[in-house]
Amino acid sequence: MKKSILIPFIIFGNFCFGQFTVPALPYSYEALEPNFDKETMQIHHDKHHDAYVTQLNKQVDANPALKNKNVEDICKNVSKYNTQTRNNAGGHYNHSLFWTILSPTSTLPSGMLMEEINKTFGSFDSFKTQFSDSAKTRFGSGWAWLIIDGKGKLKISSTPNQDNPLMDVVAVKGTPVLGLDVWEHAYYLKYQNKRVDYISAFWNVVNWDEVNRRYKEAKK
Ligand code: MN
């Protein structure tokens, strides 16, 4: 009895929603105004992120090797899969991370993380400058990252397209603790060609509590 109810539900559930879903924003679309505007957040989350998830689910349907894999595992072994899987798994992972490291109430790095930032980059301001430079100089579409590398050290990196530091195909590998989307779709409505202004505004909405949490998790 139990089985006969459960199985159609699972099949129906997978058919309707797919293996991956877009996580809800942890705040309202307008919560990051005036730094990130409501319309951009709405389109970015509901349309762009949704498209990556839809396309990734299509790849899952076409490739049994992706079945029941989580998005981190797919990224870590991305060289085994096709380009659509690479782009859309990256798009899903990157945006899922991005929404959580933003907040209407910006905080500061924890004592432990601040100490590590000062040690690695000279000062918090110097870190912000170096990270911003990495975001500014990423040619075309991509992301800037703060990562923890294999030796437990903080590092700034950037990746093209929807690649990320988890992927086995990128030059600088590690666990991302902070990421900034520098695709034009992330800022064009409000900032047009002024990527630099968008990057400055980003610092007003960083959820350092979440970055602290990710840092502690990655150091384990
Ligand atoms: Mn984006």
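Why is W145 counted as buried rather than exposed? W145 has a relative accessible area of 0%, so W145 is buried, where buried means under 20% relative accessible area, exposed over 50% and partly exposed in between, with a 1.4 Å probe and protein chains only. This is a predicted model, in which local features need pLDDT of at least 70 and side-chain atom pairs count only at pLDDT 80 or more, while totals for chains, interfaces and linings use all residues. Residues are numbered from 1 along each chain as its sequence is written, and side-chain values use heavy atoms, with hydrogens and water left out.

The structure holds 16 aromatic pairs, that is, rings of Phe, Tyr and Trp (its six-membered ring) with centres within 6.5 Å, where planes under 30 degrees apart count as stacked, over 60 as edge-to-face and the rest as tilted. Two of these pairs are set out here.

| Pair | Centre to centre | Angle between planes | Kind |
|---|---|---|---|
| F36 and F98 | 6.4 Å | 35° | tilted |
| W143 and W145 | 5.4 Å | 15° | stacked |

F36 lies in the loop between α1 (2-17) and α2 (38-62), whereas F98 belongs to helix α4 (residues 83-100), so their pair ties together parts that are 62 residues apart in sequence. Both F36 and F98 are buried, and W143 is buried as well, with a relative accessible area of 0%. Ring pairs link F36, F98, W143 and W145 into a cluster that also includes W99, Y187, Y191 and Y198.

Leaving aside neighbours within four places in sequence, F202 is in contact (heavy atoms within 4.5 Å) with residues including F36, F98, F131 and L178.

Definitions and conventions
Helix = DSSP H or I, 4+ residues; strand = E, 2+ residues; numbered from the N terminus.
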